[in-house]
Amino acid sequence: NILGGELSFDLQYNLIAISLGVIGFFGIVLMIISYQLGEATKIAWFEYFELISSYGYQVIVFQQLPDLWSIIGVLLIITGAILPLLEQIYLYRQESLYPASVVHSETE
């Protein structure tokens with residue numbers, strides 16, 4: 001096998017595999033519901049976090065450090081998550097400086 005050892009499909013292994021499948025299923029269902037109820041730009045960073053945390057899982061569980069391309073990918077993912085956040089901050093500040101009601105009343 002891939003791990004280089006003997007596989008044993010005992011009760012504990014089966015329970016762990018089934019529970020991971022059930023938890024993963026409900027995680028995907030909840031993510032789909034969140035996309036249906038919310039704005040994609042505000043929800044997408046959860047998926048970014050999932051990708052980044054998988055590298056932490058790789059280091060902690062498998063003691064494997066990511067290679068250079070993985071680090072570059074993580075930096076691109078972080079950049080992709082920060083840009084919409086900065087846009088939201090900018091729009092919020094613009095709205096607080098120039099509320100729609102004030103702008104609308106001046107044009108009438």
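Start by selecting helix α1 (residues 11–37) together with α2 (40–62); helices here are DSSP runs of H or I of at least four residues, numbered from the N terminus. Their axes lie 9 Å apart, and the packing angle is about 160 degrees. Axes are lines fitted to C-alpha atoms over the stretch in contact, and angles run from 0 to 180 degrees between N-to-C directions. Angles over 145 degrees count as roughly antiparallel, so α1 and α2 are roughly antiparallel to each other. The crossing of α1 and α2 is left-handed, meaning that the near helix is turned anticlockwise from the far one by less than a right angle.

A note before you go on: this is a predicted model, in which local features need pLDDT of at least 70 and side-chain atom pairs count only at pLDDT 80 or more, while totals for chains, interfaces and linings use all residues. Residues are numbered from 1 along each chain as its sequence is written, and side-chain values use heavy atoms, with hydrogens and water left out.

Next, show the side chains where α1 and α2 touch. On α1, pick M31, S34 and Y35; on α2, pick A40, I43, A44, F46 and E47. Contact here means heavy atoms within 4.5 Å. The residues of this contact of α1 with α2 divide into six nonpolar, one polar and one charged. For these classes, Ala, Val, Leu, Ile, Met, Phe, Trp, Tyr, Cys and Pro count as nonpolar, Asp, Glu, Lys and Arg as charged, and the others, Gly among them, as polar.

The crossing of α2 and α3 is left-handed. Their contact involves T41, K42, Y48, L51, I52 and Y55 of α2, with S70, V74, I77, I78, G80, A81 and Q88 on the α3 side. By class, this contact has eight nonpolar, four polar and one charged residues.

Technical notes
Helices (H or I, at least four residues) and strands (E, at least two) are DSSP runs, numbered from the N terminus. Angles under 35 degrees count as roughly parallel, over 145 as roughly antiparallel, 65 to 115 as roughly perpendicular and the rest as oblique.
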